[in-house]
Amino acid sequence: MRLAPSITYNAGMPGIQQYVRPEVIRQVSRLDLRAKFIVQGFLAGLHASPFHGFSVEFSEHRNYVPGDDLKYIDWNVYAKTGKFYVKKFQAETNMTGYLVMDLSESMGWTFRQEMTKFEYGICLAAALGYLMIHQQDPVGLVTFDTEIREAVPPRSKRTQLGTILAVLSSLRPTGPTNIEQALTQVSALARGKSLIMLFSDLLTDLEPVLNGIHLLRHRGHEVILFHILDEAEVRFPFDGLTEFEDVESAERLTLDARAIKSDYLQALDEHCRRLRDEAARIDVDYVGMDTSVGFDKALLEYLIQRQRRF
């Protein structure tokens, strides 16, 4: 992840910041409250330099350039930093975002976490939608399996959050998926330069996935890949003879888990490394996460991407 030097995050704060943790959020039943608590917990730990104490609104400023109208200088910021910054106009600050959710059945799996990959992704998408609306950024939602199933056009009105949360709350992981076709359709739907945020376990052949991502970049869109895996998929905590089932085909195999652990972890590492390397090559942000990781990692990546644009 390419960090912007003006954003830092303090993950050690007590109190409300505990809500960025999956083990805490899973105890909250309502999705709207989950989204609110995640974002409030995240913002409690956010510090933007050189604007200590100002909060996330600092991304709404830019350096003063000779010729700028003096009436737009933010004198409160000048008093705090000794530097001249001007408040950006609405047209300068808006970033249109699309939350793109994978409905594949493999997303509905977990081994020992109470939150599946799908539930984790839903919470993450809800929190990002909440944060974007908080910053008056237009945000839409696209869901897909083998093709796009629902598409909520991006808007920045407060009522948009309720629309997105209602759709997210009704979603269920269903069956196979076709990411390349879905991303091709998303590239046709998205208007202007947008930020496409994909939530998926990406447990499929990578070639079609990369083809879809290349198309999005070719159309001028920014892309963040939120690669969500189950904690057990990352750590492989199995031992002895274990029956494994393909959640999408129902095929079962009984294998010696200890004997295959090294090969499995190596194959997973190669899979993730190829995704990460290919993403970096075409200037796409890759965020590898598992269901034990705090949601703040993803929200910080969104803010970094948003700030990098301006």
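F199 and F226 are both buried in this predicted model. Their rings pair. The ring centres lie 5.2 Å apart and the planes meet at 15°, so the pair is stacked; planes under 30 degrees apart count as such. F199 belongs to strand 8 (residues 195-200), and F226 to strand 9 (residues 222-229). The pair therefore ties together parts that are 27 residues apart in sequence.

The structure holds eight aromatic pairs. Another of them joins F111 and F238. Here the ring centres are 4.6 Å apart and the planes stand at 65°, so the geometry is edge-to-face. The cut-off for that class is over 60 degrees. This pair links distant parts of the chain, 127 residues apart. F111 sits in the loop between strand 5 (97-102) and helix 5 (117-134). F238 sits in the loop between helix 9 (231-235) and strand 10 (241-245). F111 has a relative accessible area of 42% and is partly exposed. F238, at 15% relative accessibility, counts as buried, because the limit for burial is under 20%. Both residues also belong to one aromatic cluster, formed by F111, F236, F238, F244 and Y264.

Y264 leads from the aromatic cluster to the largest pocket, where Y264 is among the residues closest to the centre. The space in this pocket is about 870 Å³. Its lining comprises 25 residues. Closest to the centre, along with Y264, are L203, E233, E245 and D246. Four elements each supply at least two lining residues: helix 9, strand 10, strand 11 (252-256) and helix 10 (257-281). By residue class, the lining of the largest pocket has 14 nonpolar, seven charged and four polar members.

The buried residues of helix 10 are A257, L268, H271, C272, L275 and A279.

How values were computed
Residues numbered from 1 in each chain as written. Predicted model: local features only at pLDDT ≥ 70, side-chain atom pairs only at ≥ 80, totals over all residues. Heavy atoms only, no water. Phe/Tyr/Trp six-rings, centres within 6.5 Å; stacked < 30°, edge-to-face > 60°. Buried < 20%, exposed > 50% of the residue type's maximum accessible area, 1.4 Å probe, protein only. 1 Å grid on protein atoms, 1.4 Å probe; cavity = no way out; pocket = protein on both sides within 12 Å on 5 of 7 lines; lining within 4 Å. Points joined across faces, edges and corners; volume = space filled by probe spheres on them. Nonpolar A, V, L, I, M, F, W, Y, C, P; charged D, E, K, R; others polar.
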